Structure formats: C-alpha cells, structure tokens
Amino acid sequence: MNFYVMTLFPEMIEQGMHTSITGRAIAKGLLSLKTVNIRDYSVTGNGRIDDYPYGGGAGMVMQAEPIWRAYEDVKKQIQADPAVSESPRVIYLTPQGRVFHQEMAQELAAEENLIFLCGHYEGVDERVIEAIVTDQVSIGDYVLTGGELPAMVMMDAISRMVPGVLSNAESGQSESFSDHLLEYPQYSRPEVWRDRPVPPVLLSGHHGNVDRWRREQSLLRTMQNRPELLKDAKLGKKDIAFLESLSD
Ligand code: ADE
C-alpha cells in the first residue's frame, strides 16, 4: 500500500505517520508514504498557491494549477511502475464528502496506491476537484482547519486492514464495528483496582460463560451508545432475548 499525500503541511503528515504502528509498518516496507508539498508547484514563482474567491466573500481559495501539477507529478511516479495500469484513486478530504466508516477503510485497503488531497483556507477551486478527484470523504460532521488530520485518520484505519501491519496479538477478530456491534470491555491485572473488582465471570475459567458475557456486553453497549447499528448486526435467538430483557 503506497500513500501519496498532497498537502501544504507535509511535516504534519510525516510526523504523525512515522509514529507507532504505522511508523513500524513503513519501516518494515508494508506501507510507503510520500508527501508532496503543493507549495512547490506554485505558478507565481513566490510560493503562492491561493487567491481571492470569484464572487467575493471571506477567505482564500487554493488555486487549481498548483494542485494539478502536483497531481501530474505524483501520477507520473506511480505509473512509472509498468505493473500499474489504472489511474490511482484520489481522495479529497472535505466535510462535504461521504462519511468515512470501517467498510470504506476495508475497501480502500485493497488499492495498491492512494492519493490524498488536503485542502486548506476556504476551499479548493472546484475545477481541479472535478478534474482529478475520484472520492470526496468527510471524517464526521464537524469542520477542521484542514484535510491533514482527516487524511491521517483515514490512512491509520486503512493501514490496520493491510495484511501484516497488525501483529496477531493486535489484530483481534472481535473489534468494534466488525459485526456492527461495539466491542466488549476489557480488564487486566490487578483483580481489584481501587475497590473495583474485575467481573467475576472473567476469572471463572469457563470459556462458554466468558463468551456469552462478552457478547451481552457488546449488545448492551451498542444498544446504549449506538442503537442504530443493531439493525445491521447478525443476531441469534439468545441475542434477541437478551436485548428484549433490557427493555423489560
Ligand atoms: N476538512 C475539514 N473538515 C473536515 C472533515 N470533517 N472531514 C474531512 N475533511 C475535512
């Protein structure tokens, strides 16, 4: 998986991505990261890449040409590999996009190359979005100062889906959203922490009871925090009986 990020703040992306699990995966060669500073493609010669909006209004707009040139450069690098025939997907981070979720992360993890375009100021000239962007994605209903954090959020979630990035110990099958349910709570030593004991069933050594308890905790959390997820969850008879018992 090769990530290319077009941004005005490459150091922010480099710092974030070279940390923790994604940093380890880059060091191992499971992921690659290339940041491209859009400012290097300024057409005015003085590093300027924004201008006033036509029609007036507050703020500045990132111009089309520097982004286009940055994109052409990235595309050339990707297509220098004779095995690559298709044009890479270009993801523009914007609150106006489709909202990111786990299945999207899974689907994007199957791509060989992904290009992210991070906007700033009041926006990006619409014509370059029309010309190069294949996917417009939001990470949630709030407005950030730029696309860098959203791009990192997406790359982090996608990276976890790339084979080998997580160790076996990290990759647990039962994680939140894997089955449209939230994950159950976890406990470690000591058995009693500041008067709070670990739920006794977890110390019982009875795997069947532990599994049932965890399943019920997942159902309970999902019901309490994200009830809308339940309609897509695969529920057995016992699950349904448990959920019904909650509303009694
Ligand atoms: N840029 C600014 N806010 C954003 C958001 N919520 N998601 C994606 N990109 C953004």
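Where does Tyr121 lie? I found Tyr121 in the loop between strand S6 (113-118) and helix H5 (126-132). Helices (H or I, at least four residues) and strands (E, at least two) are DSSP runs, numbered from the N terminus.

Before going on, I noted the ground rules. The model is predicted, so to speak of local features takes pLDDT of at least 70 and side-chain atom pairs count only at pLDDT 80 or more, while totals for chains, interfaces and linings use all residues. Residues are numbered from 1 along each chain as its sequence is written, and side-chain values use heavy atoms, with hydrogens and water left out.

**Entry: backbone angles**

I looked up phi of Tyr121 and got a positive value near 55 degrees, in a residue other than glycine. Tyr121 counts as partly exposed, at 38% relative accessibility. The terms are buried for under 20% relative accessible area, exposed for over 50%, and partly exposed in between (1.4 Å probe, protein chains only).

Ser20 is not a glycine either, and its phi is positive at about 60 degrees. I placed Ser20 in helix H2 (residues 20-28). With 59% relative accessibility, Ser20 counts as exposed.

I also checked the peptide bond from Arg189 to Pro190, which is cis, with omega near 5 degrees. Pro190 has its place in the loop between H6 and strand S8 (192-193).

**Entry: Ser159**

Is Ser159 buried or exposed? I read a relative accessible area of 1%, so Ser159 is buried. Ser159 belongs to helix H6 (residues 148-159). Setting aside neighbours within four places in sequence, I listed Phe3, Met17, Thr22, Leu31 and Val165 as its contacts, where contact means heavy atoms within 4.5 Å.

**Entry: the ligand**

Which residues surround the ligand? I listed Leu93, Thr94, Pro95, Val137, Ser138, Ile139, Gly140, Tyr142, Val143, Leu144, Gly146 and Pro150; a residue is put in this shell if one of its heavy atoms lies within 4 Å of the ligand. Strand S5 (89-99) and strand S7 (135-138) each supply at least two residues of the shell, and S5 gives the most, with three.

I then looked up backbone atoms beside ligand nitrogen. A backbone N or O atom of Ile139 is 3.0 Å from a nitrogen atom of the ligand. For a polar backbone atom of Tyr142, the distance to a nitrogen atom of the ligand is 2.8 Å. For Leu144, a polar backbone atom is 3.0 Å from a nitrogen atom of the ligand. Taken alone, the ligand exposes 260 Å², and the protein buries 95% of that (Shrake-Rupley method, 1.4 Å probe).

Note on methods: Polar contact = N/O pair within 3.5 Å; in protein donor to acceptor, adjacent residues only side chain to side chain.
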